[in-house]
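Here is a short report on a protein chain. Look at the sequence and the model first, then read on.

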Amino acid sequence: MGDVSFSVELRDSRGKGAARELRRRGMVPGIIYGGGKEATAISLDATKFDHMLKTSHAGLNTLIDLEGAAGAAGKTVIAKELQREAVRGGLTHVDLYEVDLTAKMEVLVPIHLTGTPAGVVLGGVLDQQQRELMLLCLPNAIPDEIVVDVSGLELGGSLHVSDLPVPAGSEVHTDDSLTIATVLVPRGLTDAEESGEVSAAEGEPVAVEGEAAAEASDS
């Protein structure tokens, strides 16, 4: 069983003209593929589908039980690719992948950082470089997100893939050495530290060795 149910229609006509006609009805074209089966052309309500994904706790990883037309009804799918308009962002095409609930699959899971790094308290800046993690897991075991506390990150410290908590039964399919986030040291803070070191050095006595020490002693 999936997370939600959604109704689709089979689509017979292809081409730009047919796609424009669908959009006039508030529908968009799409396909269902996967499972070693021939792709099935469908159409669906663009607004309802977009709303469903945005309000689902699983987002793009929502498992969808299809209803409606014979040939599509009864399939459990996941949204694999969404094409959108460049300006308004409306859906223009949807690719749905039919999943086997008994077989593991690769999915991208969002990474959510919590807490305020110690280095940020001292003036650093948290830079999150990777926002998703590729996992291999069963469809019904896809986590909504990977949550990690970064409170312990110091100035210049980094979080890597190998540091992330991974749910039991899931395998990481991303390079373990990849950097997820770093606490950057701002240029101004670095300059201030160097200036402080120089000032401290100027106030310290200087040890003189060799001939120069002997000459200083004679004088």
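## Helix 1

The buried residues of helix 1 make their packing contacts with strand 2 and strand 3. Contact means heavy atoms within 4.5 Å. Helices (H or I, at least four residues) and strands (E, at least two) are DSSP runs, numbered from the N terminus. Buried means under 20% relative accessible area, exposed over 50%, and partly exposed in between, with a 1.4 Å probe and protein chains only.

Helix 1 spans residues 16-24, and its buried residues are Ala18, Ala19 and Leu22. They cover an arc of only 100° around the axis, which puts them on the same side of helix 1. The arc is that of the directions from the helix axis to the C-beta atoms. Exposed Lys16 and Arg24 sit on the face turned away from the buried side of helix 1. Just after helix 1, Gly26 has a positive phi of about 80°.

## The model as a whole

This is a predicted model, in which local features need pLDDT of at least 70 and side-chain atom pairs count only at pLDDT 80 or more, while totals for chains, interfaces and linings use all residues. Residues are numbered from 1 along each chain as its sequence is written, and side-chain values use heavy atoms, with hydrogens and water left out.

The protein has five helices and 13 strands. Of its 219 residues, 34% count as buried. Among contacts with a separation of 6 or more, 64% join residues 24 or more positions apart.

## Helix 2

Helix 2 covers residues 46-55. Its buried residues are Ala46, Phe49, Asp50, Met52 and Leu53. Seen down the axis, they fall within an arc of 160°, so they line one face of helix 2. The face turned away from that buried side carries exposed Thr47, Lys48, His51, Lys54 and Thr55.

At the start of helix 2, a side-chain oxygen of Asp45 comes to within 3.1 Å of the backbone nitrogen of Thr47.

## Two buried residues

Thr40 is part of strand 3. Its relative accessibility is 17%, so Thr40 counts as buried. Leaving aside neighbours within four places in sequence, Thr40 is in contact with Leu10, Gly30, Ile31, Ile32 and Gly71.

Leu63 lies in the loop between helix 2 and strand 4. Its relative accessibility is 2%, so Leu63 counts as buried. Leu63 and Gly2 are 61 residues apart in sequence, yet 4.6 Å apart in space, C-alpha to C-alpha.

## The largest pocket

How much space lies in the largest pocket? About 290 Å³. Of the 15 residues that line the largest pocket, Leu60, Asn61, Ala79, Leu108 and Glu132 are the closest to its centre. A pocket, on a 1 Å grid over the protein atoms alone, is an open set of points where a 1.4 Å probe fits, with protein on both sides within 12 Å along at least five of seven lines; lining residues have an atom within 4 Å of a point.

Strand 5, strand 7 (105-114) and strand 9 (132-137) each supply at least two lining residues. Strand 5 gives the most, with five.

Note on methods. Polar contact = N/O pair within 3.5 Å; in protein donor to acceptor, adjacent residues only side chain to side chain. Points joined across faces, edges and corners; volume = space filled by probe spheres on them.
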